[in-house]
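Subject: A structure for you to look at

Hello,

Here is the structure I promised to send over. Please open it next to this email and follow along as you read.

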Amino acid sequence: MVSIVVPYRNAASTLDECLQSVLAQSYTDFELLMINDHSSDESEQIVAQYREWDRRLKALTSSQTGLVAALNFGLQTAKGKFIARMDADDRMHPERLRQQVDALETNTSWSLVACQVRLFPEQNIQAGY
């Protein structure tokens, strides 16, 4: 039903928290597309380990470099009715997918549902440019 597209590059320090939050969703009818954007750290090994634990996770590598190319590759690969976008340094609220799917199925004229964000960790938040 939902394809979660997560591009990543050198995200070893945040992937555990990201993946744990996705796999803790109350809504479980999803595929998780982890798109490797040419990482040179341990990110690919972390994703492979989670892949062993949960077969909904698909470990993919973008043939081109860059966020846009990785996202487009994820969209081309996605099989879900809905797409959920996430970054490798994000956490997903445990009810996010359930609430978003419910909203889209209830309001069939809608084509997009967004959500609020809370920045973390506070000590790393910087002014935007």
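Is His38 buried, partly exposed or exposed? With a relative accessible area of 35%, His38 is partly exposed, because that value falls between the cut-offs of 20% and 50%. Before we go on, please keep in mind that this is a predicted model.

His38 sits in the loop between β2 and α2. Its backbone is worth a look too: phi of His38 is near 65°, a positive value in a residue other than glycine. Asn10 also has a positive phi, near 50°, and is likewise a residue other than glycine. Most residues other than glycine have a negative phi. You will find Asn10 in the loop between β1 and α1. Asn10 is partly exposed, since its relative accessible area is 36%.

Now for the strands. β1 covers residues 2-8 and pairs with β4 in the parallel sense, over four bridges.

How does the chain get from β2 to β3? It crosses through helix α2 (residues 43-53), and this β-α-β crossover is right-handed. Another right-handed β-α-β unit is made by β1, helix α1 (residues 12-23) and β2.

Next, see which residues are covered. In β2 (residues 30-36), seven of the seven residues are buried. Phe30, Leu32, Met34 and Asn36 point one way from the strand, Glu31, Leu33 and Ile35 point the other way, and all of them are buried. β4 has a covered face with Phe82 and Ala84, and an uncovered one with Ile83 and Arg85.

In β1, have a look at Ser3. Ser3 counts as buried because its relative accessibility is 0%, which is under the 20% cut-off. A polar atom of the Ser3 side chain lies 2.7 Å from the backbone nitrogen of Gly80.

For a contrast, turn to His93, in the loop between β4 and α4. His93 counts as exposed because its relative accessibility is 53%, and the cut-off for exposed is over 50%. His93 and Ala24 are 69 residues apart in sequence, but their C-alpha atoms are 8.8 Å apart in space.

Rolling a probe the size of a water molecule over the atoms shows where empty space is left. The second largest pocket has a volume of about 230 Å³. It is lined by 15 residues, and the closest to its centre are Ile83, Ala84, Gln100, Leu104 and Val113. Which elements each supply at least two residues of this lining? They are β4 (82-85) and α4 (96-106), and the largest share, five residues, comes from α4. Sorted by class, the lining has 11 nonpolar, two polar and two charged residues.

Enjoy exploring, and write back with any questions.

Best wishes

Note on methods:
Residues are numbered from 1 along each chain as its sequence is written. This is a predicted model: local features need pLDDT of at least 70, side-chain atom pairs count only at pLDDT 80 or more; totals for chains, interfaces and linings use all residues. Side-chain values use heavy atoms; hydrogens and water are left out. On a 1 Å grid over the protein atoms alone, a cavity is a set of points where a 1.4 Å probe fits but cannot get out, and a pocket is an open set with protein on both sides within 12 Å along at least five of seven lines; lining residues have an atom within 4 Å of a point. Grid points are joined across faces, edges and corners, and a volume is the space filled by probe spheres set on the points. Ala, Val, Leu, Ile, Met, Phe, Trp, Tyr, Cys and Pro count as nonpolar, Asp, Glu, Lys and Arg as charged, and the others, Gly among them, as polar. Buried means under 20% relative accessible area, exposed over 50%, partly exposed in between (1.4 Å probe, protein chains only). Two strands pair if DSSP finds at least two bridges between them. A crossover is right-handed if, with the strands pointing away from the viewer, the path from the first strand over the helix to the second runs clockwise. A polar contact is a pair of N or O atoms within 3.5 Å; within protein, one must be able to donate a hydrogen and the other to accept it, and residues adjacent in sequence count only if both atoms are side-chain atoms.
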